[in-house]
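Work through the exercises below with the sequence and the model side by side. Try each task before reading its solution.

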Amino acid sequence: MSAYRVPTDEEMELVRISAEALAPRAAEIATLMYDKFYERNSDLMNLWSADFLKKKPIAGCAASITLQAQVQSAVVFGFMKDMKHTERIKADLDRIAAKHCSRHIVPKMYPGLGVALVDAIREVTEGELSEDVLDAWAKGYAYLSGLLIEMETQMYEEERQKENGFVGFKAFQLAKRSEVQLSNGDDSDAESDDESEINVLMEFVPVDGGALPAYSGGQYVCLRLDEETLNGITHRNYTLWGESNQRSFRLSLNKMDGSIVTAFLIDHAHEGYELKLSAPFGSFLLMETLASN
């Protein structure tokens with residue numbers, strides 16, 4: 001049985017018209033939605049990295065916006081404007097579901113976000129939208145979350161069925177740390193033929209000594225840290241480096257990514273340092289890139 005109810009044609013049309021009208025304020029609505037959601041569910045805020053939650057001024061927006069809101073609004077509003085053709089956004093939903101699985105998002109986390117979305121729309125529009133339209137938005141969000149829950153449930157089950165697969169987070173320790181020099185052939189952003197870049201390669205092994213699931217090129221893991229200097233628990237995704245050996249997960253880090261999590265690891269993580277990692281999920285294109293689509 002499906003985890004969602006498909007809205008009626010009338011409900012889809014109400015949402016489509018209002019979504020198109022509200023599109024210029026989509027990121028503002030999403031930022032307010034998350035503000036409301038985290039006020040009510042502060043324990044879930046640590047599922048995302050501090051980099052992802054940082055508010056920044058964005059051209060054309062009256063309020064400062066988070067990267068999380070940019071991503072969420074691109075997906076939600078794209079979906080709401082074309083609910084009759086979900087296949088057009090399926091690739092984006094697949095990427096989001098994979099990232100959610102890497103952070104062990106579970107179905108019970110979804111409903112509160114839907115309530116916060118409707119509350120944010122009501123506040124931003126200052127009561128201009130009818131309750132029928134807002135109710136249609138609630139049903140549209142329930143449809144979207146149902147699709148994601150269905151995808152994520154399947155991904156979790158596939159991971160459980162893999163050799164050495166696991167769901168959630170597993171304790172790892174840093175076994176080896178070294179520097180890797182990347183030529184501009186490895187880095188398409190290099191400015192000249194003479195430039196090279198030094199990355200810190202960190203190899204993590206399971207604390208329990210167990211074997212790991214195999215991964216393919218471009219897959220990533222979610223790293224979970226609990227450090228006071230990072231305000232407690234935080235998460236960040238990193239693409240796996242090198243070929244799978246089922247003994248370790250290797251990450252290539254560079255402070256040029258601007259992440260405070262990356263900077264902390266490079267400055268403080270040495271051999272024996274412990275943290276938690278998820279199983280491999282997804283592909284090269286992470287959720288953050290959707291904001292620019």
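This is a predicted model: local features need pLDDT of at least 70, side-chain atom pairs count only at pLDDT 80 or more; totals for chains, interfaces and linings use all residues.

Residues are numbered from 1 along each chain as its sequence is written, and side-chain values use heavy atoms, with hydrogens and water left out.

**Exercise 1. The whole chain**

Task: Count the helices and strands of the protein chain.

Solution. 
- Take helices (H or I, at least four residues) and strands (E, at least two) as DSSP runs, numbered from the N terminus.
- The count is 8 helices and 8 strands.
- Next, burial: 46% of the 293 residues count as buried (buried is under 20% relative accessible area, exposed over 50%, partly exposed in between, with a 1.4 Å probe and protein chains only).
- Last, contacts (heavy atoms within 4.5 Å): of those between residues at least 6 apart in sequence, 75% join residues at least 24 apart.

**Exercise 2. Helix 2 and helix 4**

Task: Describe how helix 2 and helix 4 pack.

Solution. 
- Two numbers are needed, because a packed pair is described by the angle between the axes and the distance between them.
- Axes are lines fitted to C-alpha atoms, for helices over the stretch in contact, and angles run from 0 to 180 degrees between N-to-C directions.
- For helix 2 (residues 26-40) and helix 4, the angle is about 115° and the axes are 8 Å apart.
- The two helices are therefore roughly perpendicular to each other (under 35 degrees is roughly parallel, over 145 roughly antiparallel, 65 to 115 roughly perpendicular, the rest oblique).
- The crossing of helix 2 and helix 4 is right-handed (the near helix is turned clockwise from the far one by less than a right angle; anticlockwise is left-handed).
- Helix 2 brings residues including Met33, Tyr34 and Tyr38, and helix 4 brings Gln72, Ser73 and Phe77 among them.
- By class, this contact has 9 nonpolar, 4 polar and no charged residues (Ala, Val, Leu, Ile, Met, Phe, Trp, Tyr, Cys and Pro are nonpolar, Asp, Glu, Lys and Arg charged, the others, Gly among them, polar).

**Exercise 3. Gln72**

Task: Is Gln72 buried or exposed?

Solution. 
- Locate Gln72 in helix 4 (residues 67-80).
- Its relative accessible area is 13%, so Gln72 is buried.
- Beyond its neighbours within four places in sequence, Gln72 contacts Met33, Tyr34 and Leu113.

**Exercise 4. Helix 5 and helix 7**

Task: At what angle do helix 5 and helix 7 pack?

Solution. 
- The angle between helix 5 (residues 90-102) and helix 7 (residues 131-161) is about 60°, with axes 9 Å apart.
- That makes helix 5 oblique to helix 7.
- Their crossing is right-handed.
- The contact of helix 5 with helix 7 has 11 nonpolar, 1 polar and 3 charged residues.

**Exercise 5. The core**

Task: Which residues have the most contacts inside the largest nonpolar core?

Solution. 
- A nonpolar core is a set of buried Ala, Val, Leu, Ile, Met, Phe, Trp, Tyr and Cys residues joined through side-chain atoms within 4.5 Å.
- The largest has 80 residues, and Met80, Trp137, Leu223, Leu225, Leu265 and Leu275 have the most contacts inside it.
- Helix 7 gives the most to this core, with 13 residues.
- Not counting residues up to four places away in sequence, Trp137 touches Phe77 and Met80, among others.

**Exercise 6. Positive phi**

Task: Where is Asn164 placed?

Solution. 
- Asn164 lies in the loop between helix 7 and strand 3 (170-183).
- Asn164 has a positive phi of about 65°, although it is not a glycine.
- Asn164 is partly exposed, at 29% relative accessibility.
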